Amino acid sequence: MAELGGASLILALTVCVYGIGASLYGVRTGRAEWSESGRRSVYALAGVLTVAFAVLELAFLRNDFSFNTVAETSSATTPTFYKAAAVWSSQQGSLLLWAWLLSMWSSLVLFLTRKRMRDVSAYATAILLGFGGFFISLMVFYATPFATTNPAPPEGVGLDPLLRHPSMMIHPPMLYSGYTLCIVPLAFGMGALLARKVDAEWIKAIRRFSLAAWLFLGIGIMLGARWSYAELGWGGYWGWDAVENASLMPWLTGTAFIHSLMIQEKRGMLKVWNVSLVLATGTLAIMGTFLVRSGILNSIHAFGGATLGVPFVVLIGVLILSSIYLVSSRRDMLRSEHRLDSLLSRESIFLGNNIVLVGLCFVIFWGTYFPLISEALTGHEASVGPPWFDRYTVPLALILVLLSGVGPVIAWRRATLANARRNFVIPLSLGLMTLVVLLVTGVADSKPFALAMFCCAAFVLGSVGQEYWRGVRVRRTIAGEPAPLALVALVKRNRRRFGGYIVHIGIAVVFVGVAASSSFQHASELSLSPGQSTKVGAYTMRYVRPTAAITPKYDPAHTGSTLSLGAVLDVSKHGKYVATLTPAEDFYDSGEPAQGSVGHLIGGQPVSQVSMDAGVTRDVWSAIAPNINTPRLKRIVEIGNKTIPIVRPDEGMIALAVMAREYMKAPPPAEFHLIVSPLVMWIWIGGAIVFGGGLIAMWPAPSAVRRRVSVRARSRAAQGLARA
Amino acid sequence: MNGLAVLLTLVLLAAVMAVVSRPLLSARKPDESDTPEQAELEAAREAKYREIRDTELDYRTGKLSGEDYQSVNSALRTEAVEILDRLDSLGHEATDEQQEATGEQQEATGERSDV
């Protein structure tokens, strides 16, 4: 079946080449049947890549280790869920996932726009197929998922233990959906510029896809943060890592676009800005994809060595140059139809919000690519760490949250000062009350940024709450509905506005969680022996006893761990029992015979198993690094290495059982990383609110309602003019 | 390449060719329900209606003064009618819609809120 997979890729590449040609021929000659054929090529591409994906997926599920990717990332004992998701844990499989998702989203958008924007669609089709062809070429020529080995090995290596977490398995499909959905607006933006049709229609066509890209990227980012917090042993959810930043940048510019496109829809303004944002977002998505798989920032020397780096750099260069050319050569038709009526207007707040978001993106871009830029300019590699990022992003984040509270209470076009003053009373009061309470209670002493963030969040809650309250009151006055029904009807009727308000609340909640957990965290890294205690913040943690287990008794998730050493910790506060934590460290087979018959069984990269007690007000988090290099434990390994043949891993496990028993009998001091973080859970809750709001904003109104609205509005428009 | 893989590949190829060649072989021209100008105007119309609703909601929730509301609302409705007139001249929203509009007008009692 690998042959079918390989043949599918070649067929897919051929379809891309044909489709690009047919679309361009159709649009240049006006022969609609060729443009239609080009569009259908995208559907055909989706079908062919589905076959290719199914072939690879089946290979994983059937444990077909003749496939190299299956042998390298899966095993017969890997649980089925992780087997199914292991497809995208490799470079090759992830490329196939990317191309497949792109073909599916492209098919959807072209199907939905099949009767409109013929010229724009034809160019967009060619561009989407171009991207598809690029990724398929990478697989055909550099990294095929269908390479095989004959004879097939009897067992696979297994999935990287770090990836055996549900968040991490869903994270790539969400992230790649976001990245590929970013390409859709880029393709239509370029198509609109190429076809010289840059008015309302293309914006309308891609609005929902832009929102969907924003939604999926955001979910992917949240899942990655959750995985980092719950699975990695450093205790944080965001480390300003290059890979994290790569996904955040297009999300920021995508957020800016979602806001500024409303201004273009209403006022015909910011056309250059919007098309530039769309092109930048798509380019950043490609750069994010490139960064993750090139290793460029881990080692600058890997750039030259990584075979995928050069094609990506060429693609990014083409994207940037063509974007600059298209926007500058079409700037006449991108002139704004109106000007800003007033600085005191929602338009100007959105402009401010855009500047902040793009500013944030720029800061992160600079800090992420700085090592590369530094080496190019000076010849010396340099890097910036979290303190640098925090210094510039925290003030910008504060302004962003503040603006998200100002926007809802300012009218479109123009607001009077008197009205603005009246509308700000409640939100400002809430913000000030929060400030007073926090100052009086001393909660936020010496943490000015956290204090400012709490007050801004209260301001946002006040302004959005006020909007909902007033909207429901208006609805009740006119329609006579009870409050709950009025609320539902209000949101249904104004999905964009009130869905967006929910997003703003979610963002405020996320930042409250970030501010609290960053500024008021208590952490301790220390060595403890059984029976010893330590205080972390208001909590006392006592190391009760060690734990030790060997496979197969342990390892219910079939991670392949050979030995697990950990601890039981009792957590109490003011003498009252709170929770019991059981952090552990899992050891793995390195596969290196040179380490000895017992040494190799635990010589692989250990993985920390975090244990935490998560709550609404705080998380108590723990990780352990047990010492397996004590003289007694090392002696057991040495004796085992000398006496047990390398081909008898079962006897090697007996040696590990002896180690485990010895560890329990005379446990050495272990290194603990203990953290008490307030309000971490609100980050995840806020994330869920953000995405719920995004879904509401994205949800289409039924077409029948739209039709009745249009007719009714026409008659009312005429009546209104007659009265005037 | 084994026989089954060859067969499946050929089936896939045939399916692809059938899908992409259909418009080229069909006598029927691909349908675009709206002309580009019509589609553009419809998109502008929907955006304008949304703007009218948003303005009304802004006024009713106290963000716009009465004077500003009248001014903005009047301007928006003028723009909306211009768009509708241009659409009418393209033959869109023909008599059955006008009949519907008449029926809707009879139904409406004064100004009904979009809120």
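Predicted model: local features only at pLDDT ≥ 70, side-chain atom pairs only at ≥ 80, totals over all residues.
Two residues are in contact here if their C-beta atoms, placed from the backbone, lie within 7 Å. In helix H16 of chain A, the residues A:Gly471, A:Val472, A:Arg475, A:Arg476 and A:Ala479 meet A:Ala483, A:Ala486, A:Leu487, A:Ala489 and A:Leu490 of helix H17. Helix H16 covers residues 448-479 and helix H17 covers residues 483-493, and the two pack with their axes 9 Å apart at an angle of about 105 degrees. Because angles of 65 to 115 degrees count as roughly perpendicular, H16(A) is described as roughly perpendicular to H17(A). The contact of H16(A) with H17(A) is made up of seven nonpolar, one polar and two charged residues.

A second pair of helices is arranged in another way. Helix H8 (residues 200-231) and helix H9 (residues 242-267) of chain A have axes 9 Å apart and pack at an angle of about 150 degrees, which makes H8(A) roughly antiparallel to H9(A). The crossing of H8(A) past H9(A) is left-handed. On the H8(A) side, the residues involved include A:Ala200, A:Ile203, A:Arg207, A:Trp214 and A:Gly224; on the H9(A) side, they include A:Glu244, A:Trp251, A:Phe257, A:Ile258 and A:Glu265. Sorted by class, the residues of this contact are 13 nonpolar, eight polar and three charged.

The view now widens from helices to domains. The domain assignment of chain A gives domain 1 as residues 1-160, domain 2 as 165-340 and domain 3 as 530-668. The centres of domain 1 and domain 2 of chain A, taken over C-alpha atoms, are separated by 21 Å. Their contact draws 27 residues from domain 1 and 27 residues from domain 2. On the side of domain 1 that touches domain 2, helices H4 (80-85), H5 (91-112) and H6 (118-141) of chain A each supply at least two residues. H6(A) provides the largest share of that side, with ten residues. By class, the side of domain 1 that touches domain 2 has 20 nonpolar, five polar and two charged residues.

Chain A has an average pLDDT of 87, and 94% of the residues score at least 70. Where does pLDDT stay under 50? One such stretch is residues 707-711 of chain A, for which the model has seven contacts beyond four places in sequence. Another is residues 718-724 of chain A, for which the model has seven contacts beyond four places in sequence.

Terms used
Residues numbered from 1 in each chain as written. Chains lettered and ligands numbered in written order. pLDDT = per-residue confidence, 0-100. Axes fitted to C-alpha atoms, helices over the stretch in contact; angles between N-to-C directions. Helix = DSSP H or I, 4+ residues; strand = E, 2+ residues; numbered from the N terminus. Parallel < 35°, antiparallel > 145°, perpendicular 65-115°, else oblique. Left-handed = near helix turned anticlockwise from the far one by under 90°. Nonpolar A, V, L, I, M, F, W, Y, C, P; charged D, E, K, R; others polar. Domains from an automatic or database assignment.
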